[in-house]
Amino acid sequence: MDTPYTLRHFKVALTAFFGVLAGGTLAFAFALHEGALESFYRATVTISLTGIDTKPQGVGGQVITIVLILAGMAIYGYLASSVVELIAHGVVTGAMAERRRRRMIERTSDHYIICGYGRVGRQVADEFRDANVPFVVLDFNPEVLEIAREEGVPYIDGSGTNDDDLAEAGLDRAHGLIASSDSDVDNLYITVSARSERPDIVIVARASTEDAASKMRRAGADRVVQPYASAGQEMAKLMLKPQVSAFLDIVSRHGGPDLRFEEIEITPECPQAGRTIRESRVRHETGALIVALKKADGSFDTTPNPDAELNPGDVLIAVGTEEELKALEDLFAPSAGSDGGKAAVARRDGG
C-alpha cells in the first residue's frame with residue numbers, strides 16, 4: 001500500500017491551490033490596482049470556478065482571469081484524482097478501521113495480552129481463539145502486524161517493553177499476559193514491566209535457556225515455557241510412549257474430537273465444599289473423571305483418593321466430554337441464592 005506517495009499527491013494539490021490563490025491575488029492587485037481584499041476576493045471567485053462578478057478591465061486582468069480559471073480546473077482535477085487514490089489505496093477506509101480497532105481494544109477487559117506474534121505467539125492465539133477468550137496482540141514487526149491484520153486479530157503496534165504500549169493494550173484490565181518474543185531479554189523486560197504495574201496478573205513467559213527461565217521466574221513470571229526443551233521432551237515421549245502421547249494430545253487440545261481437560265476451583269459458596277469426592281458422586285452425576293487435585297497449599301495429588309476432602313481453594317483437574325464437563329460445572333456451582341453467583345466456580349479450558 002503506497003500510502004506516503006498518495007498522501008504526497010494530496011499535499012501537492014493543496015499546496016498548488018493556495019499557491020495559485022496567493023499568486024492570483026498579487027497579480028490582480030498589480031494589474032488592476034485593487035486593494036488586497038478586492039484582489040483576494042476576485043482571485044478566490046475566479047479560481048473556485050464559481051464565476052466572476054464583473055469583467056476585469058484591461059487585457060492584463062483578462063489574461064490573469066483566464067490563467068486562474070485554467071489553473072483552477074487543473075488543480076481540481078488533480079485534487080479529485082488524489083482523493084480517489086486515497087480511497088482506492090485504503091487510506092480513508094484504513095483510518096476508519098484503525099479507529100474501530102482501537103475502540104474495540106479500549107472496551108476489552110479480562111483479556112490476555114500476547115507480547116510477540118511470531119510462531120509461538122500465533123499458536124497461543126489459535127488456542128485462545130478455539131477457547132473463545134479475548135486477547136490483544138502487541139508487536140512492532142510490520143510483517144507480523146500484517147498477518148494479524150489479515151486474520152482480524154486486535155493488535156497494538158508497539159513493544160511489550162514499553163509501559164505506554166502495555167497500557168494501550170489494556171494491561172490494567174487484562175487477566176493474563178504472554179511474553180512470547182523471540183528475545184529472552186525482551187521477555188525479561190516485559191515480565192518486569194508487567195509485574196511492576198500489575199502485581200496480581202498471571203504472566204507466562206517464553207525462555208530459550210534454563211538460565212533465562214530462572215531469571216524470568218525471579219522477575220515475576222508465574223510460569224516459564226522453554227519451547228526447545230519442551231519439543232525435545234515431546235519427541236522423546238512420542239518415540240518411547242506413543243499411545244500415552246496420543247491420548248494427552250487428544251485431551252489437551254481445544255479442538256479435540258471427544259475429551260477435554262478442565263479445572264474447577266472450589267470456593268466457600270460451592271455446595272460440594274467440605275465433602276469428599278465419593279460423597280460428591282462426581283463420576284455418577286456427571287460422567288467426568290477427576291484425575292488430579294491441587295490443594296490450597298499448592299501441592300498436587302495426582303491420584304486423588306475417593307475419600308479426599310474438597311476444601312475451599314482446592315482446584316479439581318477433570319477430564320471428560322464437553323457435556324460431562326458442563327454437568328461437572330453445574331454440580332459445583334453455588335446455589336441460586338448464594339452471594340457468590342457463578343463467579344464462585346472458576347472454570348477454564350485446560351491445555
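R149 is partly exposed, with 43% relative accessible area; here buried means under 20% relative accessible area, exposed means over 50%, and partly exposed covers the values in between (1.4 Å probe, protein chains only). The structure is a predicted model, in which local features need pLDDT of at least 70 and side-chain atom pairs count only at pLDDT 80 or more, while totals for chains, interfaces and linings use all residues. Residues are numbered from 1 along each chain as its sequence is written, and side-chain values use heavy atoms, with hydrogens and water left out.

R149 also has a charged partner. Its side chain meets that of E146 in a salt bridge (2.3 Å, N to O), a term for a side-chain nitrogen of Lys or Arg within 4 Å of a carboxyl oxygen of Asp or Glu. Because R149 and E146 are 3 residues apart in helix α6 (residues 142-151), about one helical turn separates them. E146 is partly exposed too, at 34%. Helices (H or I, at least four residues) and strands (E, at least two) are DSSP runs numbered from the N terminus.

Side chains of opposite charge can pair when their charged atoms come close. Across the whole structure, a search finds 15 salt bridges. One of them joins D126 to R129, with the closest N and O atoms 2.8 Å apart. Both residues lie in helix α5, 3 residues apart, or about one turn of the helix. D126 is partly exposed at 31% relative accessibility, and R129 is partly exposed at 37%. Together with E151, D126 and R129 are linked in a network of salt bridges.

A further salt bridge connects D172 and R173, whose closest N and O atoms are 3.6 Å apart. D172 is exposed, with a relative accessible area of 56%, whereas R173 is partly exposed at 28%. R198 itself lies in the loop between α8 (184-197) and β5 (202-206) and is buried, with a relative accessible area of 14%.

Turning to the aromatic rings, the count comes to 3 aromatic pairs. Rings of Phe, Tyr and Trp (its six-membered ring) pair if their centres lie within 6.5 Å, and planes under 30 degrees apart count as stacked, over 60 as edge-to-face and the rest as tilted. F128 and F135 make a tilted pair, 6.1 Å centre to centre with 45° between the planes.

Most residues other than glycine have a negative phi, and most peptide bonds are trans. D110, however, has a positive phi near 55° and sits in the loop between α4 (91-107) and β1 (112-115). D110 is partly exposed, at 48% relative accessibility. N132 likewise shows a positive phi, of about 60°, in the loop between α5 (119-131) and β2 (135-139). N132 is exposed, with a relative accessible area of 70%.

Taken as a whole, the chain has 14 helices and 11 strands. Of its 351 residues, 38% count as buried.
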